[in-house]
Amino acid sequence: RRLEGRLRHAVKNKEMSVHFQPLVDSETHYPKSFEALVRWTDEELGPVSPAEFIPVAESAGLIIQIGELVMEAACRTAASWPLPINVSVNLSPVQFKRPGLVGLVQRILKNTGLPGSRLELEITESTLIENRDEVLSTLNQLRELGVKIAMDDFGTGYSSLGYLQSFPFDKLKIDRVFVTDVETSDQKASIVRAVVAMGHSLSMRVVAEGVETEAQAALLDRLECDELQGFYFSRPLPEPAVLDFLDPFV
Ligand code: G
Ligand code: G
Ligand code: MN
Ligand code: NA
């Protein structure tokens, strides 16, 4: 309740900011995109994790405004980067269900000047559960704008292999639970290998999340993941630090 009150205050005053975490090519470690992650420090509560406030924002109806702020900020920032690399934005199932989503994305791309092909939207398995036809129609309209669609946290939710074939994902992000022990667990490595093979056979790029060590990065490259993301490469960064991160590649 208190969190909800503070959240309303923060949304009204646009107190949220966005940090960016790089996804790198698994072979060259060259940056391919940045994932936008919302950050909020409340005057009274201090920093609050999105893992804590996003669920509250979803049930309080505030996720629509927060999602809009994040997408606008992410696209505006990405349009100013010195390299034409992509930005990805997490979409809550609540945002995805709103009728105005496609129009919103279109308007933000127009206002910020970011080409649609440089925006990726991350959805989770829970977005796909209901209204299959509506979800498919929305995904296809987004793709007509050139926007790419990534399946986030793959392997942790309501996983059905059927939807991988029916939904037009560009990218699969293997959840970090499969990455954490990948160098010591043959089972985890086998799962990663299988997901990569499946993703590639469906023309999807495959990303490993939560890469924390050099050994994991090397193994995941050998397992033919296309891109890697995690603290080993970089924590989520505020905008000025993104420019420093990109500097050697410009
Ligand atoms: O950045 P961090 O690891 O603290 O994020 C925790 C959780 O919050 C993750 O599941 C992440 O996907 C989610 N999250 C972060 N930023 C956003 C956002 O802008 N929108 C949505 N819907 N979820 C976000
Ligand atoms: O659910 P989603 O995949 O969107 O969550 C993204 C969050 O995961 C980021 O906000 C970030 O804080 C967290 N994260 C990113 N890289 C790592 C990592 O290497 N290890 C851990 N434990 N968390 C990470
Ligand atoms: Mn994500
Ligand atoms: Na994720």
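A: The model is predicted. Thr112 has a relative accessible area of 11%, and because buried means under 20%, Thr112 counts as buried. Leaving aside residues up to four places away in sequence, Thr112 touches Glu72, Cys75, Arg76 and Ala79. Ile149 is 37 residues from Thr112 in sequence, and the C-alpha atoms of the two are 20 Å apart in space.

Tyr30 sits in the loop between β1 (17-25) and β2 (31-42). With 35% relative accessibility, Tyr30 is classed as partly exposed. Beyond residues up to four places away in sequence, Tyr30 touches Leu23, Val24, Asp25, Leu83 and Phe249. Tyr30 and Met71 are 41 residues apart along the chain, with 24 Å between their C-alpha atoms.

Burial can also be followed along a helix. In α9 (residues 214-222), the residues Gln216, Ala217, Leu219 and Leu220 are buried. The elements that cover these buried residues include α8, β8 and β9 (227-229). After α9 comes Glu224, which has a positive phi near 70 degrees.

Two further residues have positive phi. Ser203 is not a glycine, yet its phi is positive, near 60 degrees. Ser203 belongs to the loop that runs between α8 (186-201) and β8 (205-208). The relative accessible area of Ser203 is 66%, which makes this residue exposed. Asn131, also a residue other than glycine, has a positive phi of about 45 degrees. Asn131 is located in the loop between β5 (119-123) and α6 (132-144), and its relative accessibility of 43% places it among the partly exposed residues.

A helix pair can be described as well. The axes of α1 (residues 2-12) and α2 (residues 50-59) come within 10 Å of each other and cross at roughly 85 degrees. The two helices are therefore roughly perpendicular. On the α1 side the contact is made by Leu3, Glu4 and Leu7, which meet Glu52, Phe53, Val56 and Ala57 of α2. By class, the residues of this contact are 5 nonpolar and 2 charged, with no polar ones.

The whole protein gives the setting for these parts. Its secondary structure consists of 10 helices and 9 strands. The radius of gyration is 18 Å, close to the 18 Å from the globule rule for 250 residues, so the protein is as compact as a globular protein of that length. Taken along the principal axes, the C-alpha atoms fill a box of roughly 50 × 45 × 35 Å. Of the 250 residues, 50% are buried, Thr112 being one of the buried residues. Among contacts with a separation of 6 or more, 68% are between residues 24 or more positions apart. The protein exposes about 11900 Å², of which 50% is supplied by carbon and sulfur atoms.

How values were computed:
Residues numbered from 1 in each chain as written. Chains lettered and ligands numbered in written order. Predicted model: local features only at pLDDT ≥ 70, side-chain atom pairs only at ≥ 80, totals over all residues. Heavy atoms only, no water. Axes fitted to C-alpha atoms, helices over the stretch in contact; angles between N-to-C directions. Helix = DSSP H or I, 4+ residues; strand = E, 2+ residues; numbered from the N terminus. Parallel < 35°, antiparallel > 145°, perpendicular 65-115°, else oblique. Contact = heavy atoms within 4.5 Å. Nonpolar A, V, L, I, M, F, W, Y, C, P; charged D, E, K, R; others polar. Rg over C-alpha atoms; globule rule 2.2 N^0.38 Å. Buried < 20%, exposed > 50% of the residue type's maximum accessible area, 1.4 Å probe, protein only. Areas by Shrake-Rupley, 256 points an atom, 1.4 Å probe, with all protein chains shown as cover.
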